[in-house]
Amino acid sequence: MSSETILEVDGLTKQYGELTAVDDVSFTIERGTIIGLIGPNGAGKSTLFDLVTGVQDPTSGRVFFEGDDITDNSLEANVERGLVRTFQKTRVLGQMTVRENLLVASQLADQPRERAEELIDLIDLGEKADVLADDLSYGQQKLVSITQVMMLNPDMILLDEPLAGVNPTMENKILQLIHEAQQRGTTFVFVEHDMGVIMSECEEILVMNSGRLLTRGSPEEVQEDERVIEAYFGSEDV
Amino acid sequence: MAILDILAELVVIGVFLGAFYGLIALGLSLVFGVQNVINLAHGEFLMIGAYITFFGWSIFDLNPLLSIVISVPIMFVVGAAIQGGLLERIDLDNELTTLIFTFGLALAIRGLAQYAINVDYQSISFLTESVDVGFTAFSLNRPFAFGIAVISTLLFFAFLKYTDWGKAIRATSQNPEIARACGIRTKRVRMVTFGLGAALAGIAGGIAGILYTIFPAMGLDYLLKAFVIVVLGGLGSLVGAVVAGVGFGVIETFGTWYTSSTMASIIAFVVLILVLLVRPQGLFGRSDSGE
Amino acid sequence: MATESSSESKSDPSIGARIDNRLDSFSVVHRLLGLVALVALLLALPQVLNDYHVQVLFIVFLFIVLGYGWNILSGFTGYINFGYAGFVGLGAYVTVISVVDFGIPWYAALVIAGISTAIIGTLISAPILRLDGAYFAIAMLSLATAGQLAMSSDYLTPITRGGSGISFFPALSYTEQYYLAVVLAVGVGYATYRLAKSPRGLRLLAIREDELLASALGVKTTREKLTMMLVHAGIAGIGGGLLAFNLSYVDPSTVFGLRYTELPIVMVLFGTAGSVLGPIIGGITFIFISEALWASFPTLHQFFFGIAIMLVVMFMPRGLIERLKDRGYLPRRRSL
């Protein structure tokens with residue numbers, strides 16, 4: 001495994017008035033890995049994604065991507081640098097066809113049309129290429145939203161619950177898509193609630209609770225960590 | 001005249017004016033807070049209120065105070081009917097759709113008034129006697145208007161705080177989904193809210209009729225000022241609207257004293273741009289993502 | 001082109017699918033010939049029509065130009081400009097002052113009007129364009145009001161002659177004005193067609209649908225909006241200049257009139273915002289009505305178009321072209 005650091009988060013904190021949504025979180029991520037980010041609802045996972053990608057500004061702390069300080073970058077600037085994300089609530093452009101949904105993200109691809117066809121084939125949506133995204137099933141929309149960011153040839157993708165509410169067939173397709181990209185050298189961090197998937201797919205797992213980074217380790221280590229079990233079973237949500 | 005006298009005069013007139021502006025902004029902010037609709041016909045509701053008071057005075061010889069009281073239920077019904085009959089039929093979640101719709105509504109009401117009334121400028125001469133308070137003199141209708149604005153504002157806040165409908169409105173404003181889950185019928189709440197917004201505009205219209213000239217296209221100016229105030233105070237914040245209204249009244253009074261009264265609308269625009277520049281997300285931030 | 005193919009299956013030859021096939025069978029030469037024939041026909045019309053009819057047609061084409069100008073920003077990106085008349089008025093004033101006070105020829109005056117309105121409009125609206133669409137909409141409304149007042153304010157009266165305005169003898173006859181309006185309308189129509197088919201057109205529509213997602217997909221939203229604002233304000237400025245030639249005078253309440261905001265809005269919404277044919281369909285539908293009402297019942301004009309906006313939002317929120325696409329009467333093409 002390569003040991004080059006692609007993302008470094010240092011003391012990242014976000015406060016909304018009295019509430020601290022993300023509390024002094026620090027970690028590094030190696031290039032080419034698949035990292036899981038888990039934690040109960042409200043642990044601050046999506047907010048952490050927002051802070052890293054420039055959707056929201058942190059109260060304090062820094063973010064480094066490929067060695068450069070990107071803390072003050074906008075989302076657009078980060079996308080251009082190769083750091084992209086999806087959203088927890090699935091977002092597609094409902095009034096556009098599947099193909100158009102991919103072509104919107106064409107500015108950073110070398111041969112956008114060819115790449116779009118290739119990705120559509122990969123997710124087996126060839127027959128639906130001219131169908132409006134609003135008319136797709138929920139799982140198909142998830143697929144499209146992940147494929148969209150792949151159009152950008154990113155170095156790193158943050159996926160916010162890519163598998164939530166998706167049937168097993170679709171889940172396999174999404175995982176296949178992730179593996180395809182990883183072989184091209186893309187780094188992944190993904191938020192997921194399905195422990196089985198997290199354990200089998202991720203090389204390492206970050207655990208958050210109440211805005212803090214609780215622990216980090218291999219699936220086996222995390223599985224046996226008492227604090228993790230407590231964080232999950234201590235809350236109402238597993 | 002000593003500089004302090006001028007200062008005191010401008011502050012007093014500014015506060016008088018500001019309470020009236022706050023009242024206009026209150027209705028606009030209320031409707032925004034509960035249903036995320038910026039009602040561009042708010043100025044036209046104000047215009048209707050002004051004409052109710054004017055015709056009450058000119059045709060039936062009614063005291064404007066009485067006309068203002070009468071205009072409250074009328075405007076409430078008008079507002080509730082527009083919400084129930086028209087706005088409920090469009091996509092209320094789409095901010096731009098509602099904005100365009102209320103723009104059309106404003107044009108329709110204004111056009112109808114221009115067609116039906118067909119006279120350019122009218123005014124109510126009521127309490128025009130001047131009163132000297134030492135450092136300045138003003139006509140009696142100004143403190144009268146101030147009194148109505150303050151009393152209406154206080155009654156409105158009391159309604160919100162102590163009645164069941166008021167509580168339902170506040171709950172819906174804070175979280176529509178939870179309010180629905182608690183059994184609050186949000187369509188009814190929206191109708192009452194829009195009715196109240198129209199009634200507040202109606203009262204403000206009566207005041208505008210006493211203080212200024214009345215004409216069918218008068219609403220736009222008040223709408224724009226109210227919008228600036230609502231942004232200043234934080235969209236959806238009711239107390240903010242009242243406080244910012246008073247602040248804006250003082251700013252405008254000083255501004256027009258320095259320049260000229262035709263500059264008032266330009267001042268409003270400049271204030272708006274400055275506020276938006278200093279707080280780009282408005283004074284209320286909205287996050288699109290998050291858990 | 002791949003994006004152009006229809007989703008209709010072959011077993012169901014709906015009208016839309018048949019139109020789709022027919023459109024594909026036309027070659028580039030066919031299309032060019034068709035366009036040339038159309039323009040020739042429009043330019044020949046003054047030979048058979050009287051002056052009044054030419055004047056009415058001029059107004060139709062002027063509003064089609066203004067409609068395209070509004071559509072290119074507000075229709076595509078969803079940033080609704082309620083202060084469009086402010087740009088029209090500014091363009092009218094710049095044109096007239098260039099001609100009257102500086103003796104600049106009419107064509108150069110129109111170019112100056114277009115460029116200066118584009119620059120001034122973009123500079124003023126740049127900070128507002130970064131905000132939520134609702135702020136933009138109302139800030140622009142207040143900008144237009146402030147602009148109208150500024151024209152008659154003491155500070156600008158030496159240049160603008162205040163509320164009484166400026167009268168002048170336009171260098172162009174009604175027929176020449178009509179030719180100009182036709183050429184401009186075809187030009188902006190063609191530009192919109194190219195935009196709608198381009199990746200940039202998709203990016204603009206993505207901003208309208210979900211701006212945050214558009215950013216996440218690498219769309220440089222602020223830059224795209226500002227570019228469209230330049231074009232949008234520039235077209236309004238040139239349209240305003242053309243209007244001033246037609247009126248042979250400018251004054252604040254005429255050239256800043258709400259009519260130049262409300263008609264483009266209702267035209268574009270009725271036709272379908274962000275479409276290519278929308279401004280033409282809306283223009284043909286509404287401008288004749290507008291002219292008839294404007295001449296005899298100017299106050300009812302505002303009432304009628306207010307109601308028209310409300311009805312379109314209530315019963316056809318996505319416009320006629322989208323409605324026809326949904327029903328299968330038109331193919332699902334962005335180039336319509």
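Which residue stands opposite F190(A) in β8(A)? In this predicted model, for which local features need pLDDT of at least 70 and side-chain atom pairs count only at pLDDT 80 or more, while totals for chains, interfaces and linings use all residues, the residue opposite F190(A) is G36(A). Residues are numbered from 1 along each chain as its sequence is written, and chains are lettered from A and ligands numbered from 1 in the order in which they are written.

Strand β8 of chain A spans residues 187-191; strands (E, at least two residues) and helices (H or I, at least four) are DSSP runs, numbered from the N terminus. Strand β3 (residues 34-38) of chain A is joined to β8(A) by four bridges, and the two run parallel. Five bridges, also in the parallel sense, join β7(A) to β8(A), and here I157(A) stands opposite F188(A). Two strands are taken to pair if DSSP finds at least two bridges between them. Strands of a sheet pair through backbone hydrogen bonds, either parallel or antiparallel.

Five of the five residues of β8(A) are buried. A residue is classed as buried if 20 or more other C-beta atoms lie within 10 Å of its own, as exposed if 12 or fewer do, and as partly exposed in between, with C-beta atoms placed from the backbone. Both faces of β8(A) are covered, with T187(A), V189(A) and V191(A) on one side and F188(A) and F190(A) on the other. In a regular strand the side chains alternate between the two faces of the sheet.

Chain A also holds an open sheet of four strands, in the order β2-β1-β4-β5 and with antiparallel pairing. Strands β2 (19-30) and β5 (68-69) of chain A stand at the edges with a single partner strand each, so one side of each is left without a neighbour in the sheet. Strand β4 (residues 60-65) of chain A pairs with β5(A) over two bridges in the antiparallel sense, and F64(A) has D69(A) in β5(A) as its bridge partner. Helix α1 (residues 45-53) of chain A lies across β1 (5-16), β2 and β4 of chain A and runs at about 65 degrees to β2(A). Such angles, from 0 to 180 degrees, are taken between the N-to-C directions of lines fitted to C-alpha atoms, for helices over the stretch in contact.

Positive phi values were computed for two residues other than glycine, E161(A) and D61(B). Most residues other than glycine have a negative phi. Phi of E161(A) is near 50 degrees, and E161(A) is placed in the loop between β7 (156-160) and α6 (168-183) of chain A. E161(A) counts as buried because 20 C-beta neighbours lie inside 10 Å. For D61(B), phi is near 60 degrees, and the residue is found in the loop between α2 (42-58) and α3 (64-85) of chain B. D61(B) counts as exposed because 7 C-beta neighbours lie inside 10 Å.

Chain B has 11 helices and two strands, which run from the N terminus as α-α-α-α-β-β-α-α-α-α-α-α-α. The radius of gyration of chain B is 19 Å, close to the 19 Å given by the globule rule for 291 residues, so chain B is as compact as a globular protein of that length. The radius is taken over C-alpha atoms, and the rule is 2.2 Å times the number of residues to the power 0.38. Of the 291 residues of chain B, 50% count as buried.

Chain C comprises 16 helices and two strands. Its radius of gyration of 20 Å agrees with the value near 20 Å for a compact globule of 336 residues, and 53% of the 336 residues of chain C count as buried. In the largest nonpolar core, which has 274 residues, V65(C), A181(C), V266(C) and I309(C) touch the most other members. A nonpolar core is a set of buried Ala, Val, Leu, Ile, Met, Phe, Trp, Tyr and Cys residues joined through C-beta atoms within 7 Å. Apart from its neighbours within four places in sequence, A181(C) is in contact with F58(C), F61(C), L62(C), V65(C) and L242(C); contact requires C-beta atoms, placed from the backbone, to lie within 7 Å.

The contact between chains C and B takes 38 residues from each chain. On the side of chain C that touches chain B, α5 (106-129), α6 (133-151), α13 (259-271) and α15 (298-315) of chain C each supply at least two residues. The largest share, 13 residues, comes from α6(C). By class, this side of chain C has 26 nonpolar, nine polar and three charged residues, where Ala, Val, Leu, Ile, Met, Phe, Trp, Tyr, Cys and Pro count as nonpolar, Asp, Glu, Lys and Arg as charged, and the others, Gly among them, as polar.

Methods:
Two residues are in contact if their C-beta atoms, placed from the backbone, lie within 7 Å.
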